[in-house]
Protein chains: 2
Amino acid sequence: MSEAAAPRQAAATGPALGRRIRVDVADRGYDILVDSGSLARPETYASLPAGEVAVVVSNATVAPLLADRLLACLRQRFRAVSLVVLDDGEQFKTWDSVERIVDALLAAGGDRRSTLFALGGGVVGDLTGFAAACFMRGIAYVQVPTTLLAQVDSSVGGKTAVNHPLGKNLIGAFHQPRLVVADLETLATLPQRELIAGLAEVIKYGAVADLAFFDWIEARLDDLLRRDGEALAGAVSRSCDLKAAIVASDEKESGLRAILNFGHTFGHAIEAATGYGSWLHGEAVGCGMVLAADLSRRLGGIDEVGARRVAMLVERAGLPVRLPPLPAAELLALMGHDKKAEGGAPRFVLLDTLGRARVAPVEEGLVRDVLLDHGALR
Amino acid sequence: MSEAAAPRQAAATGPALGRRIRVDVADRGYDILVDSGSLARPETYASLPAGEVAVVVSNATVAPLLADRLLACLRQRFRAVSLVVLDDGEQFKTWDSVERIVDALLAAGGDRRSTLFALGGGVVGDLTGFAAACFMRGIAYVQVPTTLLAQVDSSVGGKTAVNHPLGKNLIGAFHQPRLVVADLETLATLPQRELIAGLAEVIKYGAVADLAFFDWIEARLDDLLRRDGEALAGAVSRSCDLKAAIVASDEKESGLRAILNFGHTFGHAIEAATGYGSWLHGEAVGCGMVLAADLSRRLGGIDEVGARRVAMLVERAGLPVRLPPLPAAELLALMGHDKKAEGGAPRFVLLDTLGRARVAPVEEGLVRDVLLDHGALR
């Protein structure tokens with residue numbers, strides 16, 4: 001399992017707003033709409049199968065801001081539209097929340113033709129997608145991501161899951177959405193910390209698959225941080241292009257798709273060790289990318305300049321670059337339970353150079369050295 | 001969605017014991033081994049991918065009888081082999097049990113390459129399959145069914161699920177096993193009530209897809225009830241042939257496969273209304289088939305002789321033919337939540353004639369009449 005990324009570069013030009021990006025997967029393809037104000041436009045949902053029941057899943061933070069507009073829009077298309085509001089936070093990404101969604105579906109008279117809508121960030125999207133995967137062995141769902149992280153990453157590709165005390169996303173399913181509505185207007189109310197966390201995944205795409213995009217992010221970082229509309233549209237659009245191409249070539253992550261986990265082996269360990277919800281996922285990934293780039297360099301991959309560019313960009317974005325003060329042994333133990341682990345030897349996404357990655361097992365001693373050099377306790 | 005069954009009839013001749021029946025599904029096919037003593041033979045598992053960790057899932061009834069033999073056999077192939085013993089009964093077919101399986105996998109150091117083994121009846125098989133579907137978004141599992149019902153039906157075809165208070169199997173996944181080991185020797189210790197419950201599904205195959213098989217069951221029923229080895233091998237083998245052909249033509253039940261739910265719309269309502277575990281699944285299906293045959297007759301399908309043959313065979317097998325004394329309204333309400341329901345109108349598998357079925361919605365008044373004529377309360 002050692003592949004280089006070679007997604008198509010086609011869509012790098014042209015306007016980034018009002019774009020429709022196709023994700024070609026085995027069963028059926030679907031579109032990602034990157035636009036502004038699309039959430040509340042009925043025509044956005046015109047391609048969906050007709051249905052009797054729609055249930056919108058959101059959280060206590062997002063629902064008051066956006067649910068009414070979505071519900072009003074869906075009422076033109078579905079006979080019964082209801083809303084279930086979950087608590088906000090990674091710590092609620094559990095089976096209990098999936099059961100609340102199932103209960104809401106049944107209360108609404110839901111059946112196999114019902115459609116779920118995920119209105120929120122990655123947690124809402126993963127929970128809603130997993131509920132859709134499990135309810136009556138699979139119903140339709142639509143992603144309406146309202147965070148930058150969800151728009152560029154978690155809403156696309158059909159990975160759904162809940163957490164387990166021993167590791168993130170240990171329980172889940174591959175289940176593709178019918179549509180992804182990336183409405184940039186919803187980012188207006190996003191807290192700055194969340195925006196920055198989303199930039200971690202944007203940087204990731206550049207680092208593992210597209211040097212030109214990495215250059216572009218370096219150049220436009222200040223615009224992105226002050227939410228310039230054209231810059232955000234470019235970042236979301238290009239990230240979705242790259243993700244769509246990678247997912248299309250490897251839907252179930254038997255090879256290439258694993259490079260999208262760059263920084264995530266370290267990141268998941270940080271999240272698990274600090275308790276889900278204390279570090280944001282993107283923050284843990286940001287720090288994880290710095291460590292993974294350093295690990296790559298020590299293994300003879302990316303050169304020192306490249307590794308430093310990753311660390312600099314992560315730091316400039318305002319993401320953490322040092323580990324929390326946790327024992328290295330604890331982090332190592334948690335990596336053993338990461339999904340990329342096979343036969344006990346943790347595997348890492350490594351950079352050969354900026355824009356090119358592969359996956360390989362790494363000997364524990366070397367991982368420990370990297371942990372210790374980036375703030376872990378002996 | 002109204003299709004007639006046309007599975008291949010090829011394997012009706014030839015020895016029924018020592019057979020290897022192929023199930024051709026999209027991702028990968030797999031074998032059903034129908035044999036005697038195969039559970040404890042290492043070569044049975046020779047086709048499985050090598051793995052570090054194997055976890056056998058069983059229940060408190062079956063484990064003391066059979067687990068040691070299976071574990072000893074698997075220890076020749078896997079580095080770490082462990083056993084998780086669940087409580088026995090339909091009422092334990094819940095998410096809590098899935099979590100126990102996941103915890104056992106993690107405790108054993110399980111990862112994506114681990115394999116689960118379901119040693120037991122339909123409940124163990126459905127739970128284990130669903131745990132395998134969800135753990136790290138999908139790992140391998142093997143069915144080792146030890147009841148007649150599981151050997152002829154639930155272990156084949158990749159339907160996995162847990163129950164919800166509002167309906168059976170409302171939460172689940174399609175996830176095909178790597179292998180099904182139908183060892184007829186395991187039926188030796190099966191309580192007679194369980195054997196009879198399994199015959200309900202055997203009768204079902206004849207009724208919906210194979211008149212010659214239905215004739216054969218009528219002729220060999222007494223042999224089956226006294227567990228004649230050759231008769232049991234014939235019943236399991238032919239049932240698996242039919243199921244394999246139907247599953248191969250419609251893995252996700254978008255059409256033909258639904259005919260295998262003959263008797264199940266009524267049956268699931270009976271199970272839900274009486275509380276899971278009071279009637280065995282096969283008993284509820286047996287009674288459900290009598291009602292569904294009567295419903296078919298009233299709708300101009302099967303003739304009176306045919307409907308009576310179904311009822312007679314169910315009764316001769318020792319299965320219930322009358323509903324428990326429950327209000328018809330309660331049963332009707334429960335059918336609204338059955339997975340075959342679409343847009344509120346419950347759908348039923350109806351017999352056009354013996355050996356030929358289709359699926360159609362049925363007007364509630366007619367269903368109510370059938371319920372009342374078969375023992376439901378007004």
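Strand 10 of chain A, residues 347–353, is mostly covered: five of its seven residues are buried. Buried means 20 or more other C-beta atoms within 10 Å of the residue's own; exposed means 12 or fewer; partly exposed is in between; C-beta atoms are placed from the backbone. Strands here are DSSP runs of E, at least two residues, and helices are runs of H or I, at least four, both numbered from the N terminus.

A word on the source. This is a predicted model: local features need pLDDT of at least 70, side-chain atom pairs count only at pLDDT 80 or more, and totals for chains, interfaces and linings use all residues. Residues are numbered from 1 along each chain as its sequence is written, while chains are lettered from A and ligands numbered from 1 in the order in which they are written.

Back to strand 10. What does strand 10 of chain A join to? Six bridges join it to strand 11 of chain A, residues 356–361, and the two run antiparallel. Two strands count as paired if DSSP finds at least two bridges between them. Arg347(A) has Pro361(A) as its bridge partner in strand 11 of chain A. The hairpin of these strands has two residues between them, and there Gly355(A) takes a positive phi near 95 degrees.

Staying with phi. Most residues other than glycine have a negative phi. Which way does the phi of Met136(A) go, positive or negative? Positive, near 50 degrees. Arg137(A) has a positive phi too, near 65 degrees. Met136(A) lies in the loop between helix 3 (122–134) and strand 6 (140–145) of chain A. Arg137(A) is found in the loop between helix 3 and strand 6 of chain A. Met136(A) is buried because 24 other C-beta atoms lie within 10 Å. Arg137(A) has 23 C-beta neighbours inside 10 Å, so it counts as buried.

Next, the sheet. Seven strands of chain A form an open sheet with mixed pairing, in the order 1-2-9-6-5-3-4. Strand 1 (19–23) and strand 4 (78–86) of chain A stand at the edges; each has a single partner strand, so one side of each is left without a neighbour in the sheet. Neighbouring strands of this sheet are turned by 15 degrees against each other on average, direction ignored. Axes are lines fitted to C-alpha atoms, for helices over the stretch in contact, and angles run from 0 to 180 degrees between N-to-C directions.

Five bridges join strand 1 of chain A to strand 2 of chain A, residues 30–35, and they run antiparallel. Arg22(A) has Asp31(A) as its bridge partner in strand 2 of chain A. What lies across these strands? Helix 7 of chain A, residues 229–249, lies across strand 1, strand 2 and strand 9 (179–183) of chain A, running at about 20 degrees to strand 1. Two residues are in contact if their C-beta atoms, placed from the backbone, lie within 7 Å.

Now the whole chain. Chain A has 12 helices and 11 strands. Buried residues make up 58% of its 378 residues. Of the contacts in chain A with a separation of 6 or more, 75% are between residues 24 or more positions apart. The C-alpha atoms of chain A fill a box of roughly 60 × 45 × 35 Å along the principal axes.

Last, chain B. Gly336(B) sits in the loop between helix 11 (328–335) and strand 10 (347–353) of chain B. Gly336(B) counts as partly exposed because it has 16 C-beta neighbours inside 10 Å.
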